[in-house]
Amino acid sequence: MRARIAATYFLLSIVSIHGAEVLDGTWPVDGPATFESMHHAVSADFLDPTSAQYKGLTLRNEVYKPSICGWVNARNSAGGYTQFHRFAYQVESNSANVAEKYDDPVLGKMVKNTLHMMGCPESVF
């Protein structure tokens, strides 16, 4: 138990160094990926990747093995936070899909369907 608490504290301290943060402590400590690799893939298209906030992170091993699902929020061009968006990070391919970042409604729907097939929760509440 102490080792798990120490590992969690260590991971959260790494997160704060990069500016991104896990708001609810849900990073899967025993997960198959590092926070940095997930964060770089998820925030690649963000205007300010260091402002990323994560919550509701869960490890999934269903359709695409293994993957991490969750919610991400980042600052927009005006410097304010918008809202949390669902994402999935595929460990093997080191790639991520953020559901609401697509302007094309067909592509956005395909990503939402993929997240659903992967078993990613539709809500963190």
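**A chat about a predicted chain**

Visitor: Hi! How much of the chain counts as buried?
Guide: Of its 125 residues, 38% count as buried, meaning under 20% relative accessible area with a 1.4 Å probe and protein chains only, while exposed is over 50% and partly exposed lies in between. This is a predicted model, where local features need pLDDT of at least 70, side-chain atom pairs count only at pLDDT 80 or more, and totals for chains, interfaces and linings use all residues. Residues are numbered from 1 along each chain as its sequence is written, and side-chain values use heavy atoms, with hydrogens and water left out.

Visitor: What pLDDT does the chain average?
Guide: The average is 77, and 76% of the residues score at least 70; pLDDT is the predictor's confidence in each residue, from 0 to 100.

Visitor: Which element has the lowest mean?
Guide: Helix H1 (residues 2-18), at 40, whereas helix H2 (residues 35-42) has the highest, at 91. Helices (H or I, at least four residues) and strands (E, at least two) are DSSP runs, numbered from the N terminus.

Visitor: New topic: in which sense do E4 and E5 pair?
Guide: Antiparallel, over four bridges; pairing takes at least two DSSP bridges between the strands. Phe87 has Val98 in E5 as its bridge partner. Four residues sit between the strands of this hairpin, and Asn94 takes a positive phi near 50°.
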